[in-house]
Amino acid sequence: MSDDNPEEAWSPLPPPREEEPPPEPRRGSILLGILLGTTALYALYFGTTRGIAPDEGYKTFLAGPAALIPIGAYLAIAGALAIRPRTSRWGAGLLIGLGVFILLGGGICVMALSQMSRRI
Amino acid sequence: MITSGRWSPTGTSWWASVHRVPEASNGHCYTLLMIGLPFAGDGVVHAAVLGLGIRAALLFHAYEKLRRGLSDPRLRPIAGFAVAFGAIRSRVLKWDVSRQVSLADWWGNGDRSILTGLVGACGVHLGKRLTGYRESIGDLLPPAVALALVIGPVGCLLTELPGTPIGGAWGIARTPGQAATVGGPPGVGFQPSIAYEIVFHMAAFELMWRFRDRLPRPGDLFICYVTSYAFFRFGVEFVRGNEVLWLGMSRPQWFLLGIFLLLFWRMPRVFGKSLRPKLEGRVA
């Protein structure tokens, strides 16, 4: 004899399912991360975002190997934010912002340093 | 050779100009087609167009994720790692220590290389390892990268030294004023090597658009794209105007010779199997 309840088998209602945990709230925005990250890096390395123009020159208090410390710290923080699910949007945006800063850089691809080394 | 006076010392004329120039030796005329460098050394134009390329790549990447039905949130940080470490590679591996500029200047204003940014996907591997994502995303990124490299280098084409002197009756030329800014002799036609690259990436994007769901294994698209670009770039380096390092070959060519060994090892896996049939609708 079966223990099945025939009424339950023919019930039009779907079987009750376990409650799924609500998705974690999305925090941050990729776009905002890109904008903030790029702006912060330009401010740090060029004084202002006008530094994108090569004739504006290079304005930073960083010298020698210290120039790379902020980038290392930025990369570590952005990476840590990116791999945490709650903050992954922020982190991804900051990482992309770092890429944008490097690729856009100060001026064009091959000219700025050539001019500098000619002046030295 | 330009005798018509279009290239005045302070002139900024940059449009295509066709000249009938008399040949001194035989008195015959020949046609001289020169395209000027419209924004020589203008970093703002360069960055604006490059920024458009990056933006287009990010949008296309988002579209491809949707099309493939990929909704894993870990793909976001992986894309971030890919962009950040690609950019870092493009700067670090292009470092020319012989120029003797400060570390800060180099980091802020240093050269960037498409080649070193593209070859080797350490950012993607790091992102996948840190997030625990196992699937291959080698088919997801290349079309977006190609799109960025169609649009972004237009900024280079408008602002930079294009390539080697042609010595013929056509090419990209600079006014004397521009030549003083970016170097090189004025009025001489130079190879539009960056335009060649743009055309290559356009063709690559078209092919990837058509075959992106049909290669035998996940990740093959990336291998095909990088391999074809490596071969193309090796050839175009001969007219690119980069400094010759040794045996008539530039630094990127020597770098590519090392990369070829890796690519020769990877390519048989792609062409060892037939294409997948074309799928309709979404692909996983």
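**Exercise 1. What share of chain A is buried, and how is the chain built?**

Solution. 
- Start with the burial count. Of the 120 residues of chain A in this predicted model, 38% count as buried.
- Next, list the elements. Chain A has five helices and zero strands.
- Read them from the N terminus on. The order is α-α-α-α-α.
- Last, look at the contacts. Take those between residues at least 6 apart in sequence; in chain A, 62% of them join residues at least 24 apart.

**Exercise 2. Where in chain A is confidence lowest, and where is it highest?**

Solution. 
- Begin with the whole chain. The average pLDDT of chain A is 71. At least 70 is reached by 51% of the residues.
- Now go element by element. Helix 5 (residues 112-119) of chain A is lowest, with a mean of 45. Helix 3 (residues 69-83) of chain A is highest, at 93.
- Then check for stretches under 50. Residues 51-55 of chain A stay under 50, and the model gives them 19 contacts beyond four places in sequence.
- Residues 111-120 of chain A also stay under 50, with 20 such contacts.
- Draw the lesson. Where pLDDT is low, predicted coordinates should not be read in detail.

**Exercise 3. Describe helix 2 of chain A: what is its span, and which residues are buried?**

Solution. 
- Take the span. Helix 2 (residues 30-46) of chain A holds 17 residues. From first C-alpha to last, the helix reaches 24 Å. That is close to the 24 Å expected at 1.5 Å a residue.
- Name the buried residues of helix 2 of chain A. They are I30(A), G33(A), I34(A), G37(A), T38(A), L41(A), Y42(A), Y45(A) and F46(A).

**Exercise 4. How do helix 4 of chain A and helix 1 of chain B cross?**

Solution. 
- Recall what to report. Two packed helices are described by the angle and the distance between their axes.
- Apply this. The axes of helix 4 (residues 88-104) of chain A and helix 1 (residues 43-67) of chain B come within 10 Å. They cross at roughly 145 degrees.
- The crossing is right-handed.
- Find the residues in contact. Helix 4 of chain A supplies V100(A), L103(A) and L104(A). Helix 1 of chain B supplies A47(B), L50(B), G51(B) and I54(B).

**Exercise 5. Turn to chain B: what does its secondary structure come to, and which residues of helix 5 are buried?**

Solution. 
- Count the elements. Chain B comes to ten helices and five strands.
- Of its 284 residues, 40% are buried.
- Zoom in on helix 5 (residues 122-131) of chain B. Here G123(B), V124(B), G127(B), K128(B) and T131(B) are buried.
- Look down the axis of helix 5 of chain B. Its buried residues fall within an arc of 130 degrees, so they line one face.
- Ask for the partners. The buried residues of helix 5 of chain B pack against helix 3 of chain A together with helix 2 (75-92) of chain B.
- Step just past helix 5 of chain B. There G132(B) takes a positive phi of about 80 degrees.

**Exercise 6. Is L247(B) buried or exposed, and what is its phi?**

Solution. 
- Locate the residue. L247(B) lies in the loop between strand 4 (244-246) and strand 5 (249-250) of chain B.
- Recall the rule. Most residues other than glycine have a negative phi.
- Compare. L247(B) is not a glycine, yet its phi is positive, at about 55 degrees.
- Count neighbours. L247(B) has 7 C-beta neighbours inside 10 Å, so it counts as exposed. The cut-off for exposed is 12 or fewer.

Terms used. Residues are numbered from 1 along each chain as its sequence is written. Chains are lettered from A and ligands numbered from 1 in the order in which they are written. This is a predicted model: local features need pLDDT of at least 70, side-chain atom pairs count only at pLDDT 80 or more; totals for chains, interfaces and linings use all residues. Helices (H or I, at least four residues) and strands (E, at least two) are DSSP runs, numbered from the N terminus. The expected span of a helix is 1.5 Å times one less than its number of residues. A residue is buried if 20 or more other C-beta atoms lie within 10 Å of its own, exposed if 12 or fewer, and partly exposed in between; C-beta atoms are placed from the backbone. pLDDT is the predictor's confidence in each residue, from 0 to 100. Two residues are in contact if their C-beta atoms, placed from the backbone, lie within 7 Å. Axes are lines fitted to C-alpha atoms, for helices over the stretch in contact, and angles run from 0 to 180 degrees between N-to-C directions. A crossing is left-handed if the near helix is turned anticlockwise from the far one by less than a right angle, and right-handed if clockwise. The arc is that of the directions from the helix axis to the C-beta atoms.
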